[in-house]
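Student: Could we go through this structure together? I would like to start with its aromatic rings.
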Amino acid sequence: MSSQLIGMESFREYSSFSTEDFVHTDLSKTHVENQLPKVNINVPVLPPTKFPRNETALAFIPIKDGEKITIWKQFLFTWRTQGIYQALELLSQTDLKKYSANQMTYGLVTLWKTVKAVQHVFMPLSNMSSGIDAVAMFSHTKDWSTSPVRYLAWHPHCNKLAVATRDDTVLVYAGSTSTPVVVRHSSQKNISSMTWRPLCSAQLAVGCASGVALWTVDPASLGTRPSASCLTHLPHPTSVNSVTWDPQGKFLASGSPQDSSLYIWNVENREATLLQKIRGGGYTFLTWSPTGNRLLACTPGNVFKIWETRTWSAEIWDVMNGYVQAAAWSPCGTKAIFADSVQPTLYCVSKSSSTKAATVVADFTETQTSEATGLVQDLAWDPRGERLAVTFRTSDYVALFRTRYSPTLSLFPCGILKGEPDEVASAIQFKPDYENGALLTVAWSSGRIQHVPFSFLPQHLET
C-alpha cells in the first residue's frame with residue numbers, strides 16, 4: 001500500500017482552493033524512479049535507543065560493611081566519577097548546615113548557586129545532563145530518540161542521498177543503486193544533522209556528540225566502508241545540533257545548545273572562528289541563506305539571530321514565547337519563515353520590511369475537522385520557493401502548500417501526505433536539483449523512504 005495524497009477538503013477553511021495545480025505522478029510509471037535511490041531501513045536490525053549508562057551505576061557507592069555514607073563521601077565519589085561540576089551541584093542541593101560544614105565550604109557553594117543562577121539566564125541549557133537530551137529536544141526529526149531514520153541530506157548538485165540511522169550509521173546512496181556506502185566511526189555518536197559540501201561531490205559534514213565528522217565519501221566505494229583516513233574531526237566541547245555550509249562551500253557553521261559560541265570553520269586548516277552574542281545561549285539550528293550573505297541562527301532562548309556574513313554583525317529578533325523550532329529561507333534570501341515551540345503559527349521576517357516585526361502567514365490551530373494542524377515540527381521549502389512541506393508534533397501527516405514569495409509571501413494549501421497505517425512522518429527534505437518541479441523525500445517511522453514528485457508550471461511561466 002502506498003502513501004496517499006488527500007485533497008483540499010482535509011484543510012480547515014480552505015475548501016475554496018482547487019487541487020488542479022498539484023499533480024501527483026506515480027513514480028513507478030515514470031523514468032524518474034530509475035534515477036532515485038531505493039531506500040528502506042530494516043527496523044528490526046537496528047539496536048534499541050541507547051541512553052547514558054552512568055546514571056544507574058553512580059547510584060551504587062562502594063562502601064565497607066557498617067560504614068555510613070556521609071555527604072562528603074558522596075561528594076568525593078561524584079567528583080571522581082563525574083567531575084567537580086556535578087560534585088558542586090550535589091552540595092548545592094544539600095543543607096550544609098546540617099552537616100556542620102565550615103564557612104569556606106558554605107561560602108563556596110553559595111557562590112556556586114549564584115553563578116548558576118546568572119548562567120541560566122544567558123545559557124538556558126547549560127545544566128542539561130547530556131547532549132543526547134539536547135539533541136532530542138530540539139531535533140527537527142519527529143521522535144528522534146526512537147526514529148529509525150534520524151536525518152536526511154540530499155546533495156545540492158549530485159544525485160546522492162545520505163540517510164542517518166538510529167545506530168549512528170550514515171548510508172550514502174548514489175543514483176538508483178540499492179547498495180549504499182556505509183559511513184561509520186566510533187566517535188560518530190548521536191547524529192543530529194548532516195550537510196553536503198556545495199561545489200564538491202564527496203564531502204559530507206555530520207553533526208554528532210563529539211563535534212563535526214567531515215567525511216570524504218568516494219562515489220566509487222559502493223558497498224564498502226570508508227577508512228578512518230577519510231574522516232576529519234572538527235571537535236566541539238559539547239554535542240553539535242546543527243551544521244550548514246555556505247553556498248560556495250568555503251565555510252562550515254556549527255552550533256550546540258549548550259555552547260554560546262557559533263563556530264565558523266575553515267575546514268582546510270581545521271580552524272574555527274568563534275562568534276558570540278550574549279542573548280539566547282547556544283544554537284539549536286543553523287541555516288545559510290541561498291545568497292550566502294546571511295546566516296539564520298536559532299537558539300534555545302526566546303531569540304533568534306540573523307548574522308550578516310560580510311561583517312559578522314548580528315540582528316537579534318525576539319520570539320514572544322518559547323524558542324524557534326524550525327525555519328527556512330526563500331530562494332532570494334530576503335525572507336525567512338519560522339515557527340516557534342509554543343504557538344501553532346507560521347511567521348515570516350523580511351529584510352525589506354519597514355518595521356522590525358514578523359508577520360503571520362499561516363495558522364495551524366487544531367480543530368476537530370483538521371488532520372494536519374498543531375505545533376510545527378519541521379519545515380521544508382523547495383529551492384525554487386514554489387512548494388512548502390510542514391510536519392507537526394501531534395499529527396502523523398505532512399501538510400503541503402503552494403507558495404509565492406515575491407513581492408509578498410503567500411501560502412495556498414494543496415494537499416496532505418498520509419503514510420501507510422501506523423506510519424508517522426519522521427523527517428522531510430526537498431531534492432535541490434529536481435528539474436520537473438519539486439521532489440519531496442519523506443522518512444516514515446517504519447523506516448520507509450518515499451519520494452513524492454510535484455509536477456507544476458514554474459511561476460514565471462504562468463499566464
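Student: Which residues do ring pairs link into a cluster?
Tutor: Ring pairs link F304, W317, F338 and Y347 into a cluster. Rings of Phe, Tyr and Trp (its six-membered ring) pair if their centres lie within 6.5 Å; planes under 30 degrees apart count as stacked, over 60 as edge-to-face and the rest as tilted. This is a predicted model, in which local features need pLDDT of at least 70 and side-chain atom pairs count only at pLDDT 80 or more, while totals for chains, interfaces and linings use all residues. Residues are numbered from 1 along each chain as its sequence is written, and side-chain values use heavy atoms, leaving out hydrogens and water.
Student: How many aromatic pairs are there in the whole structure?
Tutor: A search of the whole structure finds 10 aromatic pairs. In one of them, the ring centres of F338 and Y347 are 5.3 Å apart and the planes are at 20°, so the pair is stacked.
Student: Are F338 and Y347 buried or exposed?
Tutor: Both F338 and Y347 are buried; buried means under 20% relative accessible area, exposed over 50%, and partly exposed in between (1.4 Å probe, protein chains only).
Student: How are the rings of F364 and F392 arranged?
Tutor: Their centres are 5.1 Å apart and their planes at 80°, so the pair is edge-to-face. F364 counts as buried at 4% relative accessibility, and F392 counts as buried at 0%.
Student: Changing topic, what lies over the face of F456?
Tutor: R387 does, at 4.0 Å from the ring centre. A charge sits over a ring if NZ of Lys or CZ of Arg is within 6 Å of the ring centre and within 35 degrees of the ring normal.
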